[in-house]
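Have a look at the model first, then read on.

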Amino acid sequence: MPHPSPPRVVAVVPARDEEARIGSTVTALHGLAQVAHVVVVDDGSADQTAAVAEWAGRVEVVRHERNHGKAAAMTTGAARAAELAPGAAVLFVDADLEASAGNLGPVVDAVLTGSADMAIAVLPPQHSPGGGFGLVVRTAREGIARLTGWTPTQPLSGQRCLTRAALDAAMPLAAGWGVEVGLTVDVLRGGGRVVEVPCELHHRVTGRDLASQLHRARQLAGVTRALAERSGVPRAAAGHARTAGRVVRSGAARAAAAGRRASSGRLGGAVRRRTGGTWHEL
Ligand SMILES: Nc1nc2c(ncn2[C@@H]2O[C@H](COP(=O)(O)OP(=O)(O)OP(=O)(O)O)[C@@H](O)[C@H]2O)c(=O)[nH]1
Ligand SMILES: [Mg+2]
């Protein structure tokens, strides 16, 4: 009988106020044979997100005491993933996918089989009505196309799997809601292969009420900023030299990255404290 190949992906779930959905999302991720660990980063939730994630079992919960935004949560989760399984690919998963997160297998396989350095899930039309007017998606899509020549179908999809090398080369991540756009541009510019993989995923659809419009306004600000930051000198020429698939940063680039981290309040090097099963980033 053939041996099943060992799991080689760490799932990282950034979550804020997702107590109603995080449990089923974590359980669904456990159902994926490729997933070795699940890390939930509770980004200053006001609800029981961290506790519910822990009840789901077999999960690492890292908690930000305050809200730092999605990109900071992903950065924290990626650091924990590197400790749990050095060198393993990382699968970023939104917390609101619930049972449909169990359908992410093809996205992971695209990376584990070596077909891509980053695979992005493309979602089908969603069950519930809603959604915005397309401004943020259009801005992101056209911006990525302008900067890289590649036109994504769903530029904002948060469900994406990357090799560790591609992820490390893309650090530091673009802040807040610009994180997906920044990742796509940076991986492509670093010479990585990016694919979109259709996947039967369903999430909470943002409506058109005031809160939803505010969410979109924040998304637009993040996307615009990530694009603007990348509209100048290409990353490779800005202090990143590539040798045999490894990215080596010059001292100046390291200092600039450290400065960017400091000014954006990122959590690199933050002190951590463990209480029960949960890590706290201070
Ligand atoms: N870390 C962190 N994660 C957040 C924050 N806000 C939302 N999230 C998570 O980011 C993921 C995506 O958030 P959603 O609100 O579903 O946003 P979206 O799906 O991009 O938005 P729509 O497509 O417009 O519905 C979910 O896992 C959220 O829990 C935040 O402030 N910090
Ligand atoms: Mg969502």
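This is a predicted model: local features need pLDDT of at least 70, side-chain atom pairs count only at pLDDT 80 or more; totals for chains, interfaces and linings use all residues.

Residues are numbered from 1 along each chain as written, chains are lettered from A and ligands numbered from 1 in the order written, and side-chain values use heavy atoms, leaving out hydrogens and water.

**Magnesium site**
- The magnesium ion (ligand 2) has Asp96 (OD) and His203 (ND1) as its protein donors, 2.3 Å away (N, O and S atoms within 2.8 Å of the metal, or 3.2 Å for Na, K and Ca; water is not among the atoms, so sites may look incomplete).
- These two sit 107 residues apart: aspartate 96 in the loop between β4 (89-92) and α4 (105-112), histidine 203 in the loop between β7 (194-198) and α8 (210-229) (DSSP runs: helices are H or I with at least four residues, strands E with at least two, numbered from the N terminus).
- Aspartate 96 is buried, at 5% relative accessible area.

**Ligand 1**
- A shell of 18 residues surrounds ligand 1, and Asp96 is among the closest (a heavy atom within 4 Å).
- A polar side-chain atom of aspartate 43 comes 2.5 Å from a ligand 1 nitrogen.
- For arginine 204, a polar side-chain atom is 3.1 Å from a ligand 1 oxygen.

How values were computed
Buried means under 20% relative accessible area, exposed over 50%, partly exposed in between (1.4 Å probe, protein chains only). A polar contact is a pair of N or O atoms within 3.5 Å; within protein, one must be able to donate a hydrogen and the other to accept it, and residues adjacent in sequence count only if both atoms are side-chain atoms.
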